[in-house]
Amino acid sequence: MKLKRIFTLALAGAMCLSLLAGCSNKGDDSKAPADVDLTAFQTSVVEAHPFSNNFFEVATLDKDDMDIINTLYPGLADASEEVIAYASMVMQDSEMVLVKAKDADSAKTVEKLLNDRIAAMTTEGMNYPEVVEVWSTSSAVAANGNYAMLIAHEDSQAIVDEFNALFK
């Protein structure tokens, strides 16, 4: 009889532990980034950090015309839930692309595509030495969770800091 009680108590204890284990937070939720308003961030960056006087366009996944995204970033639309490309089809001496990837695997793809863009612009640069200079010295990719940004701008470090602050 005493052995039955010990076994019952041990079994009840094991059940309680299994319930607690199911409720534990393994840290995955704490790493999930807040929902970031990329449109508001793009607007604030453009207001605070003037871009060159080239002809700039905003392209998003919501627009019917995605020529900028498809031309400059092949494959980006497929890996993304949201894209805002603030880019010029002329000279391209500064550029900003904000992306919310579909998932963690897509986030890695997005980051690679953005880094590939920098690599292409630092070697090719549309044959403009000024473009190659900006992309070589003042471009960066920043990533936080499923969000990523490419910036090519003389204030790139300040803009990266502002982007990273969105996730604190």
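User: Let's start with K102. How exposed is K102?

Analyst: Exposure is read from the relative accessible area: buried means under 20%, exposed over 50%, and partly exposed in between, with a 1.4 Å probe and protein chains only. K102 has a relative accessible area of 46%, so K102 is partly exposed. Before we go on, note that this is a predicted model, where local features need pLDDT of at least 70 and side-chain atom pairs count only at pLDDT 80 or more, while totals for chains, interfaces and linings use all residues. Residues are numbered from 1 along each chain as its sequence is written, and side-chain values use heavy atoms, with hydrogens and water left out.

User: Where in the fold is the place of K102?

Analyst: Elements come from DSSP runs, numbered from the N terminus: helices are H or I with at least four residues, strands are E with at least two. K102 sits in the loop between β3 (95-101) and α6 (104-123).

User: Which residues is K102 in contact with, leaving aside its neighbours within four places in sequence?

Analyst: Contact means heavy atoms within 4.5 Å. On that basis K102 is in contact with D78, A79, S80, E81 and N146, once neighbours within four places in sequence are left aside. The side chain of K102 also reaches the backbone oxygen of D78 at 2.8 Å. As for A77, its C-alpha is 9.9 Å from that of K102, although the two are 25 residues apart in sequence.

User: How do I read the sheet, and in what order do its strands come?

Analyst: Two strands pair if DSSP finds at least two bridges between them. Here 5 strands form an open sheet with antiparallel pairing, in the order β1-β2-β3-β5-β4. At the edges are β1 (56-60) and β4 (139-144), each pairing on one side only. From one strand to the next, the twist averages 10°.

User: How many bridges join β3 and β5?

Analyst: Strand β5 (residues 147-152) and β3 pair in the antiparallel sense over 6 bridges. One example to find on screen is V97, whose bridge partner in β5 is L150. Helix α3 (residues 38-48) packs on the sheet, touching β1, β2 (80-88), β3 and β5. The direction of α3 makes about 165° with that of β3; such angles run from 0 to 180 degrees between N-to-C directions, with axes being lines fitted to C-alpha atoms, for helices over the stretch in contact.

User: Now salt bridges. How many does the count come to?

Analyst: A salt bridge is a side-chain nitrogen of Lys or Arg within 4 Å of a carboxyl oxygen of Asp or Glu. By this rule there are 4 salt bridges. One of them joins the side chains of K100 and D35 at 3.5 Å, N to O. K100 lies in strand β3 and D35 in the loop between α2 (28-31) and α3, so this pair ties together parts 65 residues apart in sequence. K100 counts as buried at 17% relative accessibility, whereas D35 is exposed at 67%.

User: What else does K100 form a salt bridge with?

Analyst: K100 also forms a salt bridge with E81, with the closest N and O atoms 3.2 Å apart. That pair links K100 in strand β3 to E81 in strand β2, 19 residues apart. E81 is partly exposed, at 49% relative accessibility. Together, D35, E81 and K100 are linked in a network of salt bridges.

User: Which residue forms a salt bridge with E95?

Analyst: R117 does, with the closest N and O atoms 3.0 Å apart. E95 lies in strand β3 and R117 in helix α6, so the pair ties together parts 22 residues apart in sequence. E95 is buried with a relative accessible area of 0%, and R117 counts as buried at 9%.

User: Finally, how many helices and strands does the protein chain have?

Analyst: The protein chain has 8 helices and 5 strands. Of its 168 residues, 38% count as buried.

Technical notes:
Polar contact = N/O pair within 3.5 Å; in protein donor to acceptor, adjacent residues only side chain to side chain.
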